[in-house]
Amino acid sequence: MFMGASTKQGYDIADKSREIVRSLISEEIKNLSNGEKDIVERIVHSTADPEYAKLVLISSEFVNSSLKALKNNEDILTDINMVKSGITQYDGNVECFIKNSEVVDIAKDKKITRAAAAIEFAAQNDFKGIIVVGNAPTALYKAIELYNNNELDVSSIVGVPVGFVGAADSKEDLKNSSIPNIITKGPKGGTPVAVACVNSLIHTMRNINK
């Protein structure tokens, strides 16, 4: 399956869409690595918004660190179940703890969001892998905090929360951290962007291992 396609007609549409995307953003992605180009192309394809080619920022270590984690079947942790549902073709575990009863208790006790509590729960249970945040800035803030306190073992973070409160600032904090990361500048982001990024990485990893 390529970019959601599973039939000849679907593949033809996907190929044509990819050609259009490349023609629209060729200048913006010309200096990126192949892995980085694939991520940006998939994001633009998934959102039908070429502006993302100017908004996506990828740290120098992000792709290699992420691919190494995926090759080792490290866990993927998402902030919400919708992001989890969109991640396909991965042999490792894709987790989301936001509805976990212990997470609900942590959120109540500490008066924090369940999204942030879910990151704490993962850290307490020896999480190691990739964190994917498409919606909750509080989850991103918590992941950075725990990483800086040596309480969270994270290989990379997809930090693309959407919204007008906290999203841009949390992504800026991630960009300025030492964690291998990808962000989208400003308020734009969300589930489609997060899912496109991770599925691109999985696709690249599978092609490398063929």
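**Exercise 1. At what angle do helix 6 and helix 7 pack, and how far apart are their axes?**

The model used here is predicted.

Step 1. Locate the two elements. Helix 6 covers residues 101-110, and helix 7 covers residues 114-124.

Step 2. Two packed helices are described by the angle between their axes and the distance between the axes.

Step 3. Read them off. The angle is about 115 degrees, and the axes lie 8 Å apart.

Step 4. Assign the hand. Helix 6 and helix 7 cross in a right-handed manner.

Step 5. List the residues that make the contact. Helix 6 supplies Glu102, Val103, Val104, Ile106, Ala107 and Lys110. Helix 7 supplies Arg114, Ala117, Ala118, Glu120, Phe121 and Gln124.

**Exercise 2. Work out the strand order of the sheet and find its edges.**

Step 1. Trace the order. The open sheet has 6 strands, arranged 1-6-5-4-2-3, with mixed pairing.

Step 2. Find the edges. Strand 1 and strand 3 (94-95) each pair on one side only, so they are the edge strands.

Step 3. Inspect one pair. Strand 2 (residues 75-78) and strand 3 run parallel and are joined by 2 bridges. Leucine 77 has glutamate 95 of strand 3 as its bridge partner.

Step 4. Helix 8 (residues 137-148) lies across strand 4 and strand 5 (153-159). Its direction is at about 150 degrees to strand 5.

**Exercise 3. Is threonine 78 buried or exposed, and what does its side chain reach?**

Step 1. Threonine 78 belongs to strand 2.

Step 2. Apply the cut-off. Threonine 78 has a relative accessible area of 3%, so it is buried, the limit being under 20%.

Step 3. Look for a polar partner. A polar atom of the threonine 78 side chain lies 3.0 Å from the backbone oxygen of isoleucine 80.

Step 4. Survey the surroundings. Beyond four places in sequence, threonine 78 touches Val83, Lys84, Ile87, Val94, Glu95, Cys96 and Val132.

**Exercise 4. Which residues have the most contacts inside the largest nonpolar core, and which element gives the most to it?**

Step 1. Start with the residues. The largest nonpolar core holds 36 residues, and Phe62 and Ile76 have the most contacts inside it.

Step 2. Turn to the elements. Those giving two or more residues to this core include helix 1 (8-29), helix 2 (34-47), helix 4 (62-71) and strand 4 (128-133). Helix 10 gives the most, with 9 residues.

Step 3. Check phenylalanine 62. Residues up to four places away aside, its contacts include Ile39, Ile157, Pro180, Cys197 and Leu201.

Step 4. Separate the other core. Another core, of 29 residues, lies apart; among them are Ala122, Leu140, Leu146 and Ile157.

**Exercise 5. Where do alanine 48 and aspartate 126 lie, and what are their phi values?**

Step 1. Alanine 48 is in the loop between helix 2 and helix 3. Aspartate 126 is in the loop between helix 7 and strand 4.

Step 2. Alanine 48 has a positive phi of about 55 degrees, although not a glycine. Aspartate 126, likewise a residue other than glycine, has a positive phi near 60 degrees.

Step 3. Compare each with the exposure limit, over 50%. Alanine 48 is at 66% relative accessibility, so it counts as exposed. Aspartate 126 is at 69%, so it is exposed.

Conventions:
Residues are numbered from 1 along each chain as its sequence is written. This is a predicted model: local features need pLDDT of at least 70, side-chain atom pairs count only at pLDDT 80 or more; totals for chains, interfaces and linings use all residues. Side-chain values use heavy atoms; hydrogens and water are left out. A nonpolar core is a set of buried Ala, Val, Leu, Ile, Met, Phe, Trp, Tyr and Cys residues joined through side-chain atoms within 4.5 Å. Buried means under 20% relative accessible area, exposed over 50%, partly exposed in between (1.4 Å probe, protein chains only). Helices (H or I, at least four residues) and strands (E, at least two) are DSSP runs, numbered from the N terminus. Contact means heavy atoms within 4.5 Å. Axes are lines fitted to C-alpha atoms, for helices over the stretch in contact, and angles run from 0 to 180 degrees between N-to-C directions. A crossing is left-handed if the near helix is turned anticlockwise from the far one by less than a right angle, and right-handed if clockwise. A polar contact is a pair of N or O atoms within 3.5 Å; within protein, one must be able to donate a hydrogen and the other to accept it, and residues adjacent in sequence count only if both atoms are side-chain atoms.
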